[in-house]
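Good morning, colleagues. I would ask you to look at the sequence and the model on the screen, and I shall then speak about charged pairs, a helix and a surface patch.

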Amino acid sequence: METKTKQRNSFSGSLGFVLAAAGSAVGLGNIWRFPYLAAKDGGALFLLVYLVLALTFGFALLVTEISIGRKTQESPLTAYKKINAKWGFLGIFSFIVPFLIYPYYTVIGGWVVKYAFSYLTFQGKVAVQDGYFGGFITSQWQPILYTVIFAGLTFLIVYKGVEHGIEKYSKILMPVLVVIVVFTAVYSLFISHTDESGVTKTGLQGAAIYFIPNFSGLTVKGFLDIFLDAMGQLFYSLSIAMGIMVAYGSYMKKEVNIVKSVNQIEIFDTGIAFLAGMMIVPSVYVFSGKEGMSAGPGLMFITLPKVFNSLGSFGNIIGLIFFVMVLFAALTSSVSILEAITASMMDKFKWSRKKSAVIMSVVTFVISVIVCMGYNVLYFDAKLPNGSVGQILDILDYLSNNMLMPIVGLLTCILIGWIVKPKTVIDEITRNGEGFLRRTLYVVMIKYIAPLLLLVILLTGFGIF
């Protein structure tokens with residue numbers, strides 16, 4: 001095992017690992033989904049529930065997956081078999097999740113590239129026209145072209161390896177991302193707008209909606225909905241049950257403190273998510289009121305460009321900054337997803353990194369093209385178990401996020417909590433004599449609470465709960 005550790009690529013140290021893992025966690029979900037859910041679910045009430053879950057549920061699953069990766073020195077496809085020979089099937093599930101996510105994630109990444117390019121060429125006013133977004137995604141060749149650009153950037157970083165690719169670019173992209181998010185968040189507090197009826201709204205009023213809890217009309221069912229939204233967002237945001245943290249954990253050096261690193265990842269990820277809300281909620285409120293937040297997923301590509309347009313010529317600059325920031329966030333996440341499936345091929349079939357990266361990129365790109373065509377020549381409406389209607393992208397998202405990820409998380413809890421026992425992970429966490437203050441919390445979470453919560457998510461995904 002120790003010999004393999006020396007031969008395996010690794011992050012240069014704790015900082016490289018934390019920035020890469022945080023880069024994986026900070027993605028599109030943090031930028032548009034988190035603010036949308038926060039506004040919908042009573043502002044600070046959602047933030048509080050999310051924070052509690054991050055420190056308990058999220059911590060337990062994150063530390064487990066990283067420990068499995070470092071202990072086995074294997075990627076997700078092969079790691080679980082090393083933990084227990086009869087549980088190799090869990091590795092297959094853990095591989096399928098990122099394999100399904102990556103093709104449609106690169107398509108959305110291509111959409112971000114398209115909008116960043118529009119603002120770079122001072123075409124921001126065109127982006128706000130009715131039907132612009134719909135016209136773009138339903139065209140046959142443009143979405144594929146921009147997907148090629150985004151997927152190509154992702155491929156180049158993964159192709160270069162761990163230290164010279166993933167870590168190197170994470171150390172550049174993540175600090176830049178933080179600066180842009182902080183700047184835009186602070187700027188959004190000081191904007192104001194007077195509508196046609198003479199009512200003036202300010203960014204600070206929007207921030208109040210975001211930060212002050214709203215308990216009016218709150219029912220038990222309403223709180224449960226908020227709880228499930230926060231848990232689902234956390235699940236996606238921290239890259240849990242996607243195989244990513246197992247892969248990244250396998251590149252972590254044995255002397256690095258796992259708990260300290262996980263704490264830093266959670267602080268980074270949660271901080272960016274909170275700042276994204278502070279950036280988007282006040283801006284949308286100023287120009288569109290509370291009803292503007294109901295845009296949901298369309299918020300980033302339809303509502304926000306209208307906000308930027310209302311700022312005049314300066315709005316084009318803000319729009320460019322925003323979409324460059326989103327592009328950075330999307331890129332660091334897509335790199336981690338491709339790395340999870342690339343590393344799995346390397347460990348399973350003993351292929352080289354270059355061969356694995358090329359084959360996985362080509363195969364997933366074919367699926368990406370099919371996803372793009374799902375909005376034109378392959379268009380159809382499919383009713384999902386939760387009652388919503390979607391296309392190919394939505395089906396892949398639903399299968400991975402609402403079904404397979406909860407299954408992987410639930411089975412991981414059963415494996416560690418009941419089959420090989422929590423001591424397997426605790427021993428890896430404390431192998432260098434590190435303290436583990438949340439040991440009791442961890443055992444209770446991994447054995448009892450986390451499996452129950454994951455079962456609820458799974459039942460909700462199947463439309464049962």
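This is a predicted model: local features need pLDDT of at least 70, side-chain atom pairs count only at pLDDT 80 or more; totals for chains, interfaces and linings use all residues.

**Charged pairs and their surroundings**

Let me begin with Lys171 and Glu167, which both belong to helix α10 (residues 162–188) and stand four residues apart, about one turn of the helix. Helices here are DSSP runs of H or I of at least four residues, strands are E runs of at least two, and both are numbered from the N terminus. Lys171 and Glu167 form a salt bridge, with their closest N and O atoms 3.1 Å apart. By salt bridge I mean a side-chain nitrogen of Lys or Arg within 4 Å of a carboxyl oxygen of Asp or Glu. Lys171 is partly exposed at a relative accessible area of 36%, whereas Glu167 is buried at 2%. Buried means under 20% relative accessible area, exposed over 50%, and partly exposed in between, with a 1.4 Å probe and protein chains only.

Residues are numbered from 1 along each chain as its sequence is written, and side-chain values use heavy atoms, with hydrogens and water left out. The pLDDT, the predictor's confidence in each residue from 0 to 100, averages 89 for the protein, and 97% of the residues score at least 70.

The count of salt bridges comes to ten. Another of them joins Glu339 to Arg353, the closest N and O atoms being 2.8 Å apart. This pair links distant parts of the chain, with Glu339 in helix α16 and Arg353 in helix α17, 14 residues apart. Both Glu339 and Arg353 are buried. In helix α19 (residues 423–429), Lys423 and Asp427 are four residues apart and therefore separated by about one helical turn. Their salt bridge has its closest N and O atoms 2.7 Å apart. Lys423 is exposed at 53% relative accessibility, and Asp427 is partly exposed at 35%. Arg70, Lys254, Glu428 and Arg431 are linked in a network of salt bridges.

Which helix is largely enclosed by the rest of the structure? Helix α5 (residues 76–83) is, because six of its eight residues are buried. These are Pro76, Leu77, Thr78, Ala79, Tyr80 and Ile83.

Finally, the cysteines. The structure holds zero disulfides, that is, pairs of cysteine sulfur atoms within 2.5 Å. Cys372 is buried at 3% relative accessible area, and Cys413 is buried at 0%.
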